[in-house]
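Subject: Structure handover

Hello,

My notes on what turned up follow below.

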Amino acid sequence: MELLPVGVEGQHHQLKAIFLPFVSTSHLIPVVDIARLFAMHGVDVTIITTPSNATIFQSSIDRDHSHGHSIRTHVVKFPSAHVGLPEGVESINIDTPQSMVSKIYQGLSILQEQYQQLFHDLKADFIVTDMFYPWSVDAAAELGIPRLIYVGGSYLAHSAQHSIEEFSPHTKVDSDTEKFLLPGLPNELEMTRLQLPDWLKKPIGYTYLMKMMKDSERKSYGSLFNSFYELEGPYEEHYKKAMGTNSWSVGPVSLWVNQDASDKADRGHAKEGGKEKEKEKEEGWFKWLNSKKEDSVLYVSFGSMNKFPTSQLVEIAYALEDSGHDFIWVVRKIDEGEDNEGGKFLQEFEKRMQESNKGYLIWGWAPQLLILEHPATGGLVTHCGWNTIIESVNAGLPMVTWPLFAEQFYNEKLLTEVLRIGVAVGAKEWRNWNEFGDEVVKREEIGKAIAFLMGGGDEALDMRRRVKGLSDAAKKALQVGGSSHTNLKELIEGLKSFKLQKVNQ
């Protein structure tokens with residue numbers, strides 16, 4: 001892929017940027033990828049983060065730097081002792097105990113002053129910060145520099161949310177299961193109250209945080225989305241109009257920056273223990289996949305934030321076993337000393353799968369990019385997290401959709417109704433990321449969706465054709481003249497003229 005040169009006018013005119021990602025892997029990874037993208041296109045980039053979050057992406061930054069890109073990480077010590085957290089607990093993920101989440105937020109608010117000082121000291125021409133740092137728009141305004149906001153999720157999800165906030169259609173139905181139409185969207189999409197986030201239904205602390213984010217977005221130079229025009233163009237247009245803001249889709253960012261096999265293997269992973277042990281684990285799944293036929297394996301993963309009760313794990317396990325299809329399933333690692341009924345069940349299930357060679361369990365983190373790209377992988381079961389959706393589209397894979405929390409029920413609509421590259425498992429109830437919820441999806445329902453996706457019927461083949469078309473479009477979007485390439489180029493030019501005007505003044 002062609003990269004744009006820094007420009008002959010030399011370092012004096014080079015743009016300097018600061019990136020401030022949020023401390024959960026699903027937000028951290030795309031923001032770091034966007035930072036690397038700007039550096040690839042001649043911008044001098046500093047990423048500010050804390051020590052344990054830096055370990056997740058540092059190897060990629062070192063590689064980029066060795067390729068001549070002007071990019072580095074500035075590490076700020078997390079105030080663990082001050083907020084009563086063990087050293088190294090700095091991110092919000094699946095294994096973060098609920099009692100520690102508020103302490104991490106507390107730590108972040110202590111760091112705010114330090115971050116603002118760094119914006120000043122590092123003399124950036126613009127900053128890019130995650131949506132979870134609404135205060136940064138005022139910090140940028142004080143310095144007279146643009147702030148770009150990274151908005152996680154799809155344009156459709158944020159358009160749907162905007163529609164609900166503006167028109168309150170959910171208040172006009174009589175029950176939690178009655179469907180209502182989302183007004184004003186490019187497609188006729190229906191939802192139920194059960195599928196809506198709790199903070200949209202009644203005001204809680206998070207409702208105010210979301211309002212602050214939206215206000216800060218409106219005051220920003222514009223927003224960045226990890227999407228591309230061919231994927232959800234009508235919603236990109238709709239969103240810009242509804243919000244009255246500038247917005248640029250610059251995705252799929254992972255496809256753009258992770259060209260190197262080592263980048264793909266490390267993405268989102270802080271290495272633990274000896275390299276040999278890591279290698280052994282990686283070669284295990286790779287060897288297993290190599291022994292399978294093309295498009296024959298189902299990849300099952302519910303992202304970096306999800307937990308299931310044992311009752312649900314049992315249903316998934318039996319559905320996979322009964323499906324007759326080969327599968328790789330990423331499951332939560334059991335901590336030592338943890339009394340885990342689900343973990344014990346899965347260990348026994350794993351033994352059985354090893355004997356039959358039909359299934360492969362990966363405990364903890366999985367090299368998702370490499371698995372999705374492997375020719376043996378033919379589809380996946382996903383929680384509809386946006387990073388996974390984008391990566392699956394890149395790989396040209398259809399999906400079984402199983403939304404759980406955040407904006408995932410909206411993303412499901414994009415996959416199953418707008419793009420028609422996904423089949424719903426039938427999950428009906430939104431829940432918080434750290435709660436089990438009441439719903440258990442039965443093995444029959446899971447089995448039905450898997451059979452449809454992997455069964456090779458006409459509808460499933462059409463779905464495969466559509467997603468392969470989008471995969472080709474994703475690659476074209478990143479080439480010179482492609483939609484995302486053009487967006488990024490225009491954005492960088494705009495930021496350069498903003499800087500020039502400032503200098504001339």
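Start with strand β11 (residues 326-331), which pairs with β12 in the parallel sense over five bridges. Two strands pair if DSSP finds at least two bridges between them. Helices (H or I, at least four residues) and strands (E, at least two) are DSSP runs, numbered from the N terminus. Across that pairing, Val330 stands opposite Ile362 in β12.

Before going further, the ground rules. This is a predicted model, so local features need pLDDT of at least 70 and side-chain atom pairs count only at pLDDT 80 or more, while totals for chains, interfaces and linings use all residues. Residues are numbered from 1 along each chain as its sequence is written, and side-chain values use heavy atoms, with hydrogens and water left out.

**The six-stranded sheet**

β11 and β12 belong to an open sheet of six strands, in the order β12-β11-β10-β13-β14-β15, with parallel pairing. β12 (359-363) and β15 (422-424) are the edges; each has a single partner strand, so one side of each has no neighbour in the sheet. On average, neighbouring strands are turned by 20° against each other, direction ignored. Axes are lines fitted to C-alpha atoms, for helices over the stretch in contact, and angles run from 0 to 180 degrees between N-to-C directions.

Helix α14 (residues 310-323) lies across β10 and β11. Its angle to β11 is about 160°. Contact here means heavy atoms within 4.5 Å.

**Around β13**

Which residues does strand β13 cover? Residues 377-382, and six of its six residues are buried. Buried means under 20% relative accessible area, exposed over 50%, partly exposed in between (1.4 Å probe, protein chains only).

Strand β10 (residues 297-301) runs parallel to β13, joined by five bridges. Val300 has Val381 in β13 as its bridge partner. β13 also pairs with strand β14 (residues 399-401), again in the parallel sense, over three bridges. There, Thr382 stands opposite Thr401 in β14.

From β13 the chain crosses through helix α17 (residues 386-395) to β14, and this β-α-β crossover is right-handed. That term applies if, with the strands pointing away from the viewer, the path from the first strand over the helix to the second runs clockwise.

α17 is mostly covered, with nine of its 10 residues buried. Among them are Trp386, Ile389, Ile390 and Glu391. Gly396 follows α17 and has a positive phi, near 70°.

**The seven-stranded sheet**

A further open sheet has seven strands, in the order β3-β2-β1-β4-β5-β8-β9, and the pairing is parallel. Its edge strands, β3 (71-75) and β9 (247-249), each pair on one side only. Neighbouring strands are turned by 25° on average, direction ignored.

Strand β2 (residues 44-49) runs parallel to β3 over five bridges. Ile48 stands opposite His74 in β3. Helix α5 (residues 98-121) packs on this sheet and touches β1 (16-20), β2, β3 and β4 (126-130). The direction of α5 makes about 170° with that of β1.

**A helix pair**

Helix α19 (residues 443-454) packs against helix α20 (residues 458-477) at about 70°, with axes 7 Å apart. That makes α19 roughly perpendicular to α20. The cut-offs are under 35 degrees for roughly parallel, over 145 for roughly antiparallel, 65 to 115 for roughly perpendicular, and oblique for the rest.

Phe452, Leu453 and Met454 in α19 meet Glu459, Ala460, Met463 and Arg464 in α20.

Best wishes
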